[in-house]
Structures are given as C-alpha cells and as structure tokens.
Amino acid sequence: MKAQLATLQDFVVGVDWAAVLLPLWLTVAVGTAGHALLSKRDARAAWGWIAVCWLFPFAGPLLYFFFGINRIRTHARRFSVDRSGRMIGSAHASDARRAAEATGVVPGWLDEVARTADVLTRRPLLGDNQVEPLHDGEQAFPRMLAAIEAARETVWLASYIFDNDAVGRSFVAALAAARRRGVQVRVLIDDVGERYSLRRIGTALRAAGLDFARFNPLRLLPPSLHLNLRNHRKLLLIDHETGFTGGMNLSARHLTADPGNRRRVADLHFALRGPIVQQMSEVFAEDWAFATRERLTLPPAPPCEAGGAIARVITDGPNEDLDQLNLVLQATLAAARREVLIMTPYFLPSPELIAALQGAALRGVRTVVLLPAHNNLPYVDWAMRHQLGQLLERGVRVRFQPGPFCHSKLVVVDHAYTLIGSANWDPRSLLLNFELNVELYDPALARQMAAHFLERWQLSEELLLRDAQHPPFAQRVRNALCWLFSPYL
C-alpha cells in the first residue's frame, strides 16, 4: 500500500498540471459559453454568462451548468397543451365576437390588442363573465374559504407562497374537509415560495391526506437549483365554475386591517365566474401534469349568466409562452388614446416597454405609474428609481403610495380595458417566472378599477423630474449598481 501511495504521489508531482488543465478549461469554457450564446434570447443574459464562464475557470462553467441552463422548457413542452393547431381569434367557435349581437364587444381602437393576444395565446375571447374585485385578505380569504366549503366536485389550488400561519392552516383545514366530503382536491405550490415559512406547509398538507405537489423542486441530482423559473401563478378553481386569481398569496401578511401585523401587504384579488374559468382550469391542469405527470380531466364548460365581461387568459413563462405578456403590454400601450394607469410593486420594464411608455406619453396619453413608497425588496426599489428619470422626462408621471406595502398588479386603459393577474413589470415576471393574467374588455369594471387607482393616486406623493435625475451622489451610485443587476432581480 505504501508503495502504491508513493507511486501515486510521484505521478501527481510529476504531471505538468498547467498543460493538462489549460486545454480542459478552454474546452469547457468554449462549450458552456457557446451554449449560452446560442440558447439565451436576451443579449445581457448571454453576455453575463459568457463572462462568468471565461473569467472564473471551472467555477464559472459549473455555475452555468447548475443555474444558467433552462432545463424546464423542454420538460414543460411534454406536458403542455398543444396550441399550435388551434384557430386564431374569432375563428374559435366559442369566441365572443362570433355572436350575432357581438358588434362592438371590442372597441375598434382596442382591436389590435385583441388581435395580438389572438395570435400569441391562440385562446378565444370569452363573453358572459362576472368579475368582482376583492381588496386585501379581509375580503379575499373569507370568500375563498367559503367557496372551498361549498365545493361539490373539484377544488384546484395553486399558489406561489402558502405560509404556515393562521391563514395557511385555515386553508389546509378547509381543503381537508372538502376531501372528506369526496371532493377532488389538488394543491400545487412553488418549491421556493413554500420556503418563505421556516416550517413548510407541505407537512400539514400531507398529514391531512391531500394530493399535493411542489413545482420545480430544488435538488442537486439531476441538477435543479433554479431560484428562477418559478410558478408565480395564484389560482383557486371551484367546480370549474368559480375562480380566484390576482396578486394575493396565502398568507396572514395580507390581513391589513390589523395594525399589529408588522408585515402587512395590501393586494388585489378577483373572483370570476363564467367561461373564463375553463381557461384558468386548463392552465392549472397543464402545471399539475408538469409537476406530477397526472393528467386531470376538464368537463365541458357549464352554462353561465348572459352579459358581463369579455375575457381571456394570457399566460407567460420560460417555455412556449415566453414574451406573450410583454408583447401584449406593448400593443396595449400603443393602442391607448387617453389614459394608461399602471399599479405594480416591482417596476423594471424592458427597454421596449420603456419606449412604449414614453411613446404613449409623447402622444398626449395620460400615462401614470403608481409604486409603493416602501418596498419589501429595497434593492429592487433602488434599481427602479434609477430608471424613472428617463420616463419622467418624456411626460410619464410617477407617484409613490404610502404604506402598507402595496403588492397589487393592475393596468387600466381608457376606462375600457383592464389587465389583472400575477405578473409584475420586471424581468422576473416577464422572462423567468410562470405567470397568469386575465385581460378584460368591460367598461364598467375598468371604471371601477380606475376609481380605485384614483383613490390611491390622490394619497400618494409625486416624484419630480429634478429629484429623479439628481439624487444624492451616494444614492445615485447605489441605485445604478442595483440597476446593473436588474435582469437577475
């Protein structure tokens, strides 16, 4: 044994490691950098990963192998609903524009927005939907729990965050009671979002005997350590008749009426009834099949009340849905004639969206953005502030609304068009996460949400151009450094 060790030591000492490792490093660096060059759609991301692969020998390619490769896209395609063969726009038999009385259901100036979403989503616009806004957990959670308690056949729930607190445990109890009544219950939680609680809610779900899955769980083998590529969708679907979606997670932090709640988060959620729930159910079934390989059965859409909102689901994610929401937002900004109202907690728009916002303001469209004065992610807030000056100088108005931290996501255009859902105006939502939004052509709802926006706007503080362009030097440097990493925030 000693002789073998001595021989091995002599071999190690005698090898010219520089001659061995240099070609190996060059081969690995060229391979990984080439993969980033050919697979990344954003030049900034490609440059970043190429630099990492070359500047950090072996460590850089290893980081790219674990964190830079989108392994979820190919896997997702195997379990996704194939929309390639679907008809486009009003060619769908169920499209609201096919009805004899449907003339003008989409205003002419919004037709290009509808056509953009027609081509991207290949989903029809569906009429006869009822939409009710729910403000904060005080309104949303009792309605959601009551819907679960009234369920007869199915309860499908997806959430990014499902905290193990009083609110989370009340939902576990309601879901368990539904299962005991014979209701089919399926619960899908994002693996990263579930970790917001130190004691994960999955333990309680399994103890209750519920069918529960984690989306894209973190693991070493096969490599899946993505902090990106998360399922950020929020869905509660009851009997394929009633749906809830918006920006709200399942957490006590959304109970804003309690002044003792130190982590209060204001938010908007929506209760929906009508054919749109079928589209929402299709998205859940697709996500569930990806996470579990179980294919859920969707029954025919039930009959619904006549009248109400024209609606369509718009999905976005790092698969075949990439850039769908970004392109719809650009079309919406281009179509606006009088007013664009944007409420979002995280505002790091792409250069294309910045140009569209500037273009709307330069055309005389009142373009206003409402952001939280105090953000739960300070580094995102600092990066946001670095970009605001270029919007203000073209006429876009920005205000910061007072606390509690507002997590609401809302777009209202010309008191006619409303966009709701889970997506923020940042790279994480528009490029990296799986999101679900609903576009609504309904003047009554748009006026209602514009009134809510105006109420919050009047309580907020205006950001002036001079303050945006000339902050203290230390803040300017800090904001610029955070903005430099904005594609990864």
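Author: Gladly! Let us begin with a meeting between two helices: Asn326, Leu329, Gln330 and Leu333 in α12 meet Glu352, Leu353, Ala356, Leu357 and Ala360 in α13. The residues of this contact divide into six nonpolar, two polar and one charged. Please keep in mind that this is a predicted model.

Reader: At what angle do α12 and α13 pack, and how far apart are their axes?

Author: Here is the general idea: two packed helices are described by the angle between their axes and the distance between the axes. In this case, helix α12 (residues 324–335) and helix α13 (residues 351–362) pack at an angle of about 10 degrees, and their axes are 9 Å apart. Angles under 35 degrees count as roughly parallel, so α12 and α13 are roughly parallel to each other. The crossing of α12 and α13 is left-handed.

Reader: Which residues of the largest nonpolar core touch the most other members?

Author: First, the general idea: in soluble globular proteins, nonpolar side chains tend to be buried together. Here the largest nonpolar core has 53 residues, and Phe347, Trp425 and Tyr441 touch the most other members. A second, separate core has 41 residues, including Ala158, Met280, Ala285 and Val368.

Reader: What does phenylalanine 347 touch, leaving out residues up to four places away in sequence?

Author: With those sequence neighbours not counted, phenylalanine 347 touches Leu357, Val369, Leu371, Met384, Gln387, Leu388, Leu391 and Trp425. One of these, Leu357, also takes part in the meeting of α12 with α13.

Reader: Is aspartate 381 buried or exposed?

Author: Buried means under 20% relative accessible area. Aspartate 381 has 7% relative accessibility and therefore counts as buried. You will find aspartate 381 in helix α14 (residues 378–392). Not counting residues up to four places away in sequence, aspartate 381 touches Pro372, Asn375 and Phe400.

Reader: And how does arginine 169 count?

Author: Arginine 169 counts as partly exposed because its relative accessibility is 46%. Arginine 169 lies in helix α8 (residues 166–180).

Reader: How many helices and strands does the chain have, and what share of its residues is buried?

Author: The chain comes to 18 helices and 17 strands. Of its 489 residues, 53% are buried. Finally, take the contacts between residues at least 6 apart in sequence: 80% of them join residues at least 24 apart.

Key: Residues numbered from 1 in each chain as written. Predicted model: local features only at pLDDT ≥ 70, side-chain atom pairs only at ≥ 80, totals over all residues. Heavy atoms only, no water. Axes fitted to C-alpha atoms, helices over the stretch in contact; angles between N-to-C directions. Helix = DSSP H or I, 4+ residues; strand = E, 2+ residues; numbered from the N terminus. Parallel < 35°, antiparallel > 145°, perpendicular 65-115°, else oblique. Left-handed = near helix turned anticlockwise from the far one by under 90°. Contact = heavy atoms within 4.5 Å. Nonpolar A, V, L, I, M, F, W, Y, C, P; charged D, E, K, R; others polar. Core = buried A, V, L, I, M, F, W, Y, C linked by side-chain atoms within 4.5 Å. Buried < 20%, exposed > 50% of the residue type's maximum accessible area, 1.4 Å probe, protein only.
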